[in-house]
Amino acid sequence: MSASSSGKQTVPAEVADWLAHSFGDFLGNTSISPSAVPVKPLEDNSGRNQQPQQKDVSSVTERRSKVPPRKRAKSSSVHLHHSKPRQNRDQSQDEPWVDRYKPETQNDLAVQKKKIEEVEAWLKIHILQRQPKQGGSILLLTGPPGCGKTATIQILAKDLGVQVQEWINPISLDFTKEDLRNMFGHDSNFHTFPSQAQAAVFQDFLLRANKYNKLQMLGESSENDKKLILIEDLPNQFYREPSSLHEILRRFVRMSRCPLIFIISDNFSGDNKQRLLFPVDILEELCISTISFKPISTTNMMKVLNRIAATEASLKREKNFAFDRTSLELLCRGCSGDIRSAINSLQFSSMKDYLLEKEFWLKKERSSTVKCEAAPAVSKVRKKTKADNSEDQEIQAIGGKDASIFLFHALGKIIYCKREPVSESEFPQLPAHLSEYRRDTLLIQPEDIVEKSHMSGSMFNLYLHQNYVDFFSDIDDVVRASEYLSTADVLCSNWSTQLVMEKYSASVATRGVIHSNMSRAFAHHQGGMGFRPLHKPQWFFIDKKYQENCLAAKSLFSSFCLPPECLQTELLPYLATLANPMRNQAQIAFIQDVGRLPLKRNLGRLKLETLTDKDPGMPDLFVSSEGDGADAHAVEAAAEVEKTTIDENELGGFPLSSSQCSGSELPCSQPQPVAAQAIMEEDELQVEEYDSD
Ligand SMILES: Nc1ncnc2c1ncn2[C@@H]1O[C@H](COP(=O)(O)OP(=O)(O)OP(=O)(O)O)[C@@H](O)[C@H]1O
């Protein structure tokens, strides 16, 4: 579509030229047309929008109108400090309550006070007390979605009189051929892909935001030109190639005059955006400060919901709109500390249709309970559990959040397996010969927990396997639990049915471990366990080593044309027993490493890696793209074998120098004495001759 047919106003040539010259130094020859830069107008405290950098307003507006906002109407944040007067509120029936009741002062914020203070202190140091020659500073705000990170920044900025200039992500579809030609010039031999253009546009945005003050409008004082740049959505290109972001940030830190704030929300499903975009070395190199927000606490959430519910009830004057405390608590429980989700659920559940439907179902339920009540009275505890279940369903029914749990907490819930006491009169007792299987009622549903951890069943089992023993106190219980884990493993062993069986496997493993642990069978003796650290499975390291060995074996002994398993389990053990196998140094070292099993009494243990509370749990080797490093691995592994030394086998040393971590390795040269002799010497084996007569 041509610019004219799309209704866009093209930028006058002089303006484009003027801008192009200004940025030539930063972008080399790629002069980007301002029309391509999706800049949100500056906001000032008088609520006027100013567009010092946005010359082609129409094209940007049009682009924005095509893209639905990711989570909230951006337009509302433009007028952040001018929320509508309360008396007009009921006129806009359809206005989302998150916008209608958005916080206006620090006191309104449901965020932990400590976090607000931390952010405020950072802003003061890096904006108000900034030294003239100080470079750019970067702040990274992390935390679960909807915990008020953006709201905090906006309110603090308003309080400190700082303007917020926000990057709005253009989607790549927006870059038509026409746009790209506008950016890079009609005559240029165009070889740039949209992804590269994304990065260039982002870089250009940062430069403009940094280089130009806002235009001073009539009646405004010139004192206040403090501002910060806020970035919530980053171009996809940076996820594919984080180094390009790092390069831009390095330049920004050198050249900038105002601070840059990134807001990155936690993600439960394993692809840890923060770790990818901001690895530790970059955080250190660019002195990036990090402040991590927590989910909104139930108390704070309840205060906000109560306030909104009360205001709405007074506006509607309909008794149906009054929320009782229990319903609000239910809402809070269903939204995992996400205030946006809680307020949305509240608004949804206040809708008339929903209320009528709810009433209908309640009546229906009541009538069916009356029929059932011919049965003897149900105990209080039982009632409570039942109520809990129906409540949980209700949470989902009113748009509750799909709750997620970090692996650390999910494992804790399984291993600590909280129970509630049941009195003997309430439940039918197991017959005497089954009394050993008696347990108090579990307060958790293991399958739900595995599901909420966003982890495959077999991966969850690995973590459970690594950690359960520390929480057992009786060896017989450990034996039983390990049998369940073995069964779970078998369920997943067939690759063609693995996907289907994973759930069953996790169910057997989790319930098996829970049931086997007699020390946690009853609510009354569950205390006293205390905190114990959780660890990542050793299996990750061992599997990685195994893969490396396979590749190394294949490349070192390619002339035998054998599959790696066969090489490692048949050929190499055989070669290890030969006194003079006539191999090169690398092959000899590899034979020594994997060709024999050292029957040592004290095999070294790998040093365990601690699992932290927000760790996604997926090791990097599963996350990173597979395959591309295969050859490199083989070469590396072979090289590693060559330089394998024998002295890194202390107990607990990590990583291990050899595959087997044996105590006294043979010298790197020829096997001397032959492996078989060495094994016998180490273990003082008695050799008895077999007489065939
Ligand atoms: N008391 C309150 N405290 C914080 N936010 C509130 C409050 N009342 C309403 N809100 C609204 O809740 C929403 C909180 O979302 P916000 O964008 O600040 O969260 P976030 O942590 O940045 O999440 P995300 O990472 O998803 O952007 C905002 O729309 C805000 O207006």
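**Figure 1. Overview of the protein chain.** The secondary structure of the protein chain consists of 28 helices and nine strands. The model shown is predicted. Of the 693 residues in the protein chain, 30% are buried. Among the contacts with a separation of 6 or more, 78% are between residues 24 or more positions apart.

**Figure 2. The open sheet has five strands.** The strand order is β4-β5-β6-β3-β7, and the pairing is parallel. At the edges stand β4 (163-167) and β7 (289-292); each has a single partner strand, so one side of each is left without a neighbour in the sheet. On average, neighbouring strands of this sheet are turned by 25 degrees against each other, direction ignored. Helix α5 (residues 113-128) packs on the sheet and touches β3, β5 (227-231) and β7. The direction of α5 makes about 160 degrees with that of β7. As background, the strands of a sheet pair through backbone hydrogen bonds, in either a parallel or an antiparallel way.

**Figure 3. Strand β6 pairs with β3 and with β5**. Six bridges link β3 (residues 138-143) to β6, in the parallel sense. Two residues of β6 can be followed across to their opposite positions: Leu 139 stands opposite Ile 261, and Gly 143 stands opposite Ser 265. Strands β5 and β6 also run parallel, joined by three bridges. Here Ile 231 has Phe 262 of β6 as its bridge partner.

**Figure 4. Strand β4 is mostly covered**. Five of the five residues of β4 are buried. Which residues lie on each face of β4? Gln 163, Gln 165 and Trp 167 are on one side, while Val 164 and Glu 166 are on the other, and all of these are buried. In the sheet, β4 pairs with β5 in the parallel sense over five bridges. One of the bridge pairs can be named: Gln 163 has Lys 227 in β5 as its partner.

Figure 5. Is Leu 286 buried or partly exposed? Leu 286 has 19 other C-beta atoms within 10 Å, and a buried residue needs 20 or more, so Leu 286 counts as partly exposed. Leaving out residues up to four places away in sequence, Leu 286 touches Ile 138, Leu 249, Arg 250 and Val 253. Ile 138 is 148 residues from Leu 286 in sequence, yet the two are 7.8 Å apart in space, C-alpha to C-alpha.

**Figure 6. A shell of 24 residues is around the ligand**. The residues that come nearest are Lys 102, Lys 149, Thr 150, Ala 151 and Ser 265. By class, the shell has 12 nonpolar, five polar and seven charged residues. Which elements each supply at least two residues of the shell? They are α6 (149-160), β6 (260-265) and α15 (339-349). Both domain 1 (13-80 + 93-292) and domain 2 (299-397) contribute, with at least three residues of the shell drawn from each. Ser 265, one of the nearest residues to the ligand, is also the residue of β6 that stands opposite Gly 143.

Technical notes
Residues numbered from 1 in each chain as written. Predicted model: local features only at pLDDT ≥ 70, side-chain atom pairs only at ≥ 80, totals over all residues. Near = placed C-beta within 6 Å. Helix = DSSP H or I, 4+ residues; strand = E, 2+ residues; numbered from the N terminus. Nonpolar A, V, L, I, M, F, W, Y, C, P; charged D, E, K, R; others polar. Domains from an automatic or database assignment. Pairing = 2+ DSSP bridges. Axes fitted to C-alpha atoms, helices over the stretch in contact; angles between N-to-C directions. Contact = placed C-beta atoms within 7 Å. Buried ≥ 20, exposed ≤ 12 C-beta atoms within 10 Å, placed from the backbone.
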